[in-house]
Amino acid sequence: MSTKGNDRGLAVVTGAGQGLGAAIALELACEGFAVLLVARSADALDQARAQAAAANGGKAFMLALDLLAPDAMARIREAVADTGMPLTCLVNNAGQGLYGRFADLPIAEQHRMMRLNMDVPVMLTHALLPLLRQAPRAWLLNISSMTAYGSIATLAAYGGSKAFVLRWSRALGVELKGTGVRVTCACPGSITTGFTARAGMQAMDDLAKKFGTGPEPVAKTCVRAMLKGRAEVVPGLLNRITAFFQQVLPAGPVERVGSGIYLKRLG
Ligand SMILES: NC(=O)c1ccc[n+]([C@@H]2O[C@H](COP(=O)([O-])OP(=O)(O)OC[C@H]3O[C@@H](n4cnc5c(N)ncnc54)[C@H](OP(=O)(O)O)[C@@H]3O)[C@@H](O)[C@H]2O)c1
């Protein structure tokens, strides 16, 4: 594992205790960023923090909090200030899925997911953008999903929230052109993390195992695209081909086929 010191400034990564967020934090540490990892579970965060610290010479910090808490944004700003380092990168990764028919899923759970997937990145970016803009070069990486490219029955609110992240990121990237802040939106396909189990997607497990990849290669592709200043990235060749056809073929038939697979599994 190559380490490049920590001269690239500080990166805040949300949802960094496990899964894709932990892998992105480690990748950023290897690329020379100091990292501030945010999630709820202190134990998981501490493990991920130690791995990142081993990769970047010790500059890894953690903040255990619920991103939906009313004071979350203020506490993250404080934690950034406490590091004494310039903020140069924000990764909005924390997210949650929910699998099922819209009418059958509890609305409170769906709303909570929508807040985590949409409100949190918007609020946090707004809170930290002034700091990012102080740096001569800075990066914003938003984690969306391939579900952003087409509606899928059983993932209505999740897919909608990820489509929001993609559209918001594209517009933000245009608005920030000419500033030092580059915006990248990543739209991964299936990643083998605890995500599907938490989303209640056990019925899709065999497909996830067959077509999914571990978080490490996905993190590598996302960070590489971010550092190159690419506006959008779909990790994995098969996913890129699928996303291409999702965007050029008529949405109706494509979405009916995709939705059919998910509905059949739901039973
Ligand atoms: N896995 C996939 O197949 C897949 C595919 C496409 C896109 N994505 C997207 O990739 C991102 C990461 O997914 P993943 O697979 O790594 O998920 P994951 O394994 O479930 O990890 C989610 C992370 O977010 C944290 N988190 C959840 N709720 C939080 C809250 N309220 N406050 C603070 N932290 C919170 C979790 O830690 P705590 O529970 O300790 O807080 C955990 O560290 C998500 O945005 C997801 O939508 C995933």
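Tutor: In the lining of the second largest cavity, α5 gives the most, with 3 residues. This is a predicted model, where local features need pLDDT of at least 70 and side-chain atom pairs pLDDT 80 or more, while totals for chains, interfaces and linings use all residues. Residues are numbered from 1 along each chain as its sequence is written, and side-chain values use heavy atoms, with hydrogens and water left out.

Some terms. On a 1 Å grid over the protein atoms alone, a cavity is a set of points where a 1.4 Å probe fits but cannot get out. A lining residue has an atom within 4 Å of a point. Points are joined across faces, edges and corners, and a volume is the space filled by probe spheres set on them. Helices (H or I, at least four residues) and strands (E, at least two) are DSSP runs numbered from the N terminus.

The second largest cavity holds about 40 Å³. Its lining is L98, G100, F102, L105, Q110, M113, T154, L155, A156, A157 and Y158. Both α4 and α5 give two or more residues to it. By class, 8 of the lining residues are nonpolar, 3 polar and none charged. Here Ala, Val, Leu, Ile, Met, Phe, Trp, Tyr, Cys and Pro count as nonpolar; Asp, Glu, Lys and Arg as charged; the others, Gly among them, as polar.

The structure holds 2 cavities of 30 Å³ or more.

Now the ligand. Y158, from the second largest cavity's lining, is among the residues that come nearest to the ligand, with L20, R40, N93 and T193, out of 30 around it. A residue is near if one of its heavy atoms lies within 4 Å. A backbone N or O atom of N93 lies 2.7 Å from a ligand oxygen. An N or O atom in the K162 side chain is 2.9 Å from an oxygen of the ligand. For T193, a polar side-chain atom sits 2.5 Å from a ligand oxygen. Taken alone the ligand exposes 890 Å², and the protein buries 95% of that. Those areas come from the Shrake-Rupley method with a 1.4 Å probe. At least two shell residues come from each of α1 (19-30), α4 (107-134), α5 (156-175) and α6 (195-198). The shell divides into 12 nonpolar, 13 polar and 5 charged residues.

Q96 lies between β4 (87-92) and α4. Q96 is buried, at 17% relative accessible area. Buried means under 20% (1.4 Å probe, protein chains only). Its side chain makes a polar contact with that of R112, at 3.2 Å. A polar contact is a pair of N or O atoms within 3.5 Å; within protein, one must be able to donate a hydrogen and the other to accept it, and residues adjacent in sequence count only if both atoms are side-chain atoms.

Methods:
Buried < 20%, exposed > 50% of the residue type's maximum accessible area, 1.4 Å probe, protein only. 1 Å grid on protein atoms, 1.4 Å probe; cavity = no way out; pocket = protein on both sides within 12 Å on 5 of 7 lines; lining within 4 Å.
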